[in-house]
Structures are given as C-alpha cells and as structure tokens.
Amino acid sequence: MPAIEVNNLAKVYSNGACALSDVSFSFPRGKVLTVVGPNGAGKTTLLRILGTNLLPTSGEARVLGYDVLKEPSQVRLRIAMVPQEGRPELYLTVWQSVFCYLLARGFRWKDARINAESAVKAMGLWERRHYMSSQLSGGQRQRVLIAMALATGAEVLILDEPTIGLDPIARRELNSFLGRLRNEATVIITTHMLDEAEYLSDQVMFIDGGKIQAFDSPASLKQAVPVSEKMIFDGSVEHKDFSALGLMTGLGGKPVLYPNSREAAKRVIEIALDQELTVTVQPITLEDVYFFMLGKHREEEEGWKQQVGLTV
Ligand SMILES: Nc1ncnc2c1ncn2[C@@H]1O[C@H](COP(=O)(O)OP(=O)(O)OP(=O)(O)O)[C@@H](O)[C@H]1O
Ligand SMILES: [Mg+2]
C-alpha cells in the first residue's frame, strides 16, 4: 500500500479561487517527495489536505491507506506536520513545547522525555531548552516546530517549507537528518530551494496553477528537458551574438545560455574566445529544469519569455 494516494483532488476556496484541480498521484512509503512550484501554485493547499487541516472540494486522498475525509483521526495518529509560517506557543519553553506536545499525542512520560531530548538536541536547541519561544530568534522558533514534528517519530512527515529562516548549516543538518529517515518514514516536503530538493528527494513534483506539471526523480526530470548543460558568462554579453545558438536568459545574475546542441556549444566557446569572454560550462540542475518546465508553461499563458528578458 502506498504512503500517499490522491485521486482527482480539487480545491476551490470559498472566494472562488481554484487552488488545486484534478491532482492524482501515488507515492510509496519510506521515500522523500518534494513539492515545488511558484508562489500560489497550490503546494500548501495540497499539504494541508493531506494533513487533514483542510477539506478538499472533490476527489479523494489517502494517507497510509486512511481516507483524510472519512478517517481523519487515523491519519492524525500517524502524521506530524510543520505548517508554513507556523509558530510555537510563545510562552512555553523549548522543552515544554516538544515534551508536552508528545504527552498530548499520547506518549508515555519516559518515551516523551527520550524523544524530546533527542529532537531538541538534533535541532541544536539543547542549550536553550529553558528559553521561552518568545525569547528565541525566528530561525530558532522554526527549529522548535521541526523538533516537535521529528520527536513524534511519525510514519509520515508533512513539512511545508521547513527550512525557511534556517541558516545554511542548520538547513544542511535538517536535510541530512531527513535523508537518514529514509526507509523509516515517508517525508513530503515543500521548498523553493531546488538544490535542497535535488539532494534530498526520491521524487519531485512540479506543480503550477493547481496542476501537476511533472512528477519524477530528479535525474529523470533532468533528462526530460532538451538540454544537458548550461554556459555561464562572466560579464555582460551581446544576446544577439548567441541567440541562434540556444536559449539565453539574463534573469537575475550572470547571463546563461542553454545551447541547442554540442555544435552550438562549441560555437559559443569560439565566439567567447574571440570576444575574450569567460564562459563556464556546467551540467544543468533541478533549478534549470524548473526554469524550463514552469517557464515554458507560463510562456504559453502570458508571454512570459518577454517579461523575464528571455531571447531565443
Ligand atoms: N484561505 C484561502 N482563501 C482563498 N484563497 C486561498 C486561500 N489559501 C490559498 N488560497 C489561494 O490558493 C492558491 C494556492 O495557494 P497555496 O497557499 O496552496 O500556494 P503555495 O503553492 O503554497 O504558495 P507559496 O509558495 O507562496 O507558499 C493561491 O492562489 C491562493 O491565493
Ligand atoms: Mg505555501
């Protein structure tokens, strides 16, 4: 039985906003699924429905075989969530937040102590366990929420942008912790950090406009786009010199060209040498796949390419 099974799920909010439409997928146990997509894509809506925090308008969702509509208490026993923009209770200490949460979930006193201690330590909060959350920084409060979820040892973890506000080392520590949970727990996570998604995920779901645009392993997603490398220029370039050779973008940072072919890449290097430009060739990452998949989708809708300064 899969960990998550979703059939024709749709959500239309009361104001008429359609956040999800016809979403269907199945995801096995013991793996990590990352849901990525632009702001407003429907990620939080999907996670909240799976976490029994929000009712779908139509369709079906099952977590570990339990229907989120008909058996929500069975689902809740087996999941733990970090909601987007959640906040721990400000006047509880770190220790109280985690330990009391476990007691409330039905843990025995001794087990709650053991689990709380290891989760608080794993989140680097042990020294501050007697601080109230009101005395913590934003990132430290986020760590409290993550510690609460991890301490449960739940079979399914639903984490909505858990790394937001975490410093780079804390982010890596969380990701490697989640990676180690593989085989023991199923993790469904959202992030806008695509390097994180690439490192962590068994499967990545690209979602936009409430619909699944792609759903596969990071490696397969990279193979599904028509390029395998990108060329990064160190300094400004004349787009017209390269526009016949691939897709050029100047969006936020150094100019990048996705060459049409090997021959085109060689030609780019020749031109770069002639013009004394420095160009670096790198394999594409999941971020480039995002750019291709979701950018293309938007282009059809709203002349996206012109908006972001893309030339072909
Ligand atoms: N309570 C609500 N009432 C009405 N519309 C809502 C509500 N919550 C979300 N929406 C709409 O549903 C759509 C999807 O929102 P959702 O929060 O699922 O996006 P998201 O992918 O999580 O985005 P982000 O990356 O910004 O967190 C958006 O268009 C949003 O305006
Ligand atoms: Mg969200």
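Colleague: What makes helix H1 stand out in the shell around ligand 1?

Modeller: In this predicted model, H1, spanning residues 43-50, gives three residues to that shell, the most from any element. A residue counts as part of the shell because its C-beta atom lies within 6 Å of the ligand. By that test, 13 residues surround ligand 1, and the closest are Tyr13, Ala19, Asn39, Thr44 and Thr45.

Colleague: And how do you know which class of residue the shell around ligand 1 has?

Modeller: Sorting by class gives eight polar, four nonpolar and one charged residues. One caution on the labels: Tyr counts as nonpolar here and Gly as polar.

Colleague: What about S11 and S13; what makes them a pair?

Modeller: Strand S11 (residues 229-233) and strand S13 (residues 256-259) are joined antiparallel over two bridges. The requirement is at least two, so this pair meets it. Ile232 is found opposite Val256 of S13. S13 also runs antiparallel to strand S12 (residues 246-249), with four bridges joining them. There, Met248 sits opposite Leu257.

Colleague: Which parts of the chain are called domain 1 and domain 2?

Modeller: Domain 1 covers 4-222 and domain 2 covers 226-311, as given by a domain assignment. Their centres, taken over C-alpha atoms, are 35 Å apart.

Colleague: How many residues does each domain bring to the contact?

Modeller: Domain 1 brings 15 residues and domain 2 brings nine. Residues are in contact here if their C-beta atoms lie within 7 Å. On the side of domain 1 that touches domain 2, the elements giving two or more residues are helix H7 (194-200), strand S9 (203-208), strand S10 (211-216) and helix H8 (218-223). H7 has the largest share, four residues.

Colleague: What classes make up that side of domain 1?

Modeller: Nine of its residues are nonpolar, four are charged and two are polar.

Terms used:
Residues numbered from 1 in each chain as written. Chains lettered and ligands numbered in written order. Predicted model: local features only at pLDDT ≥ 70, side-chain atom pairs only at ≥ 80, totals over all residues. Contact = placed C-beta atoms within 7 Å.
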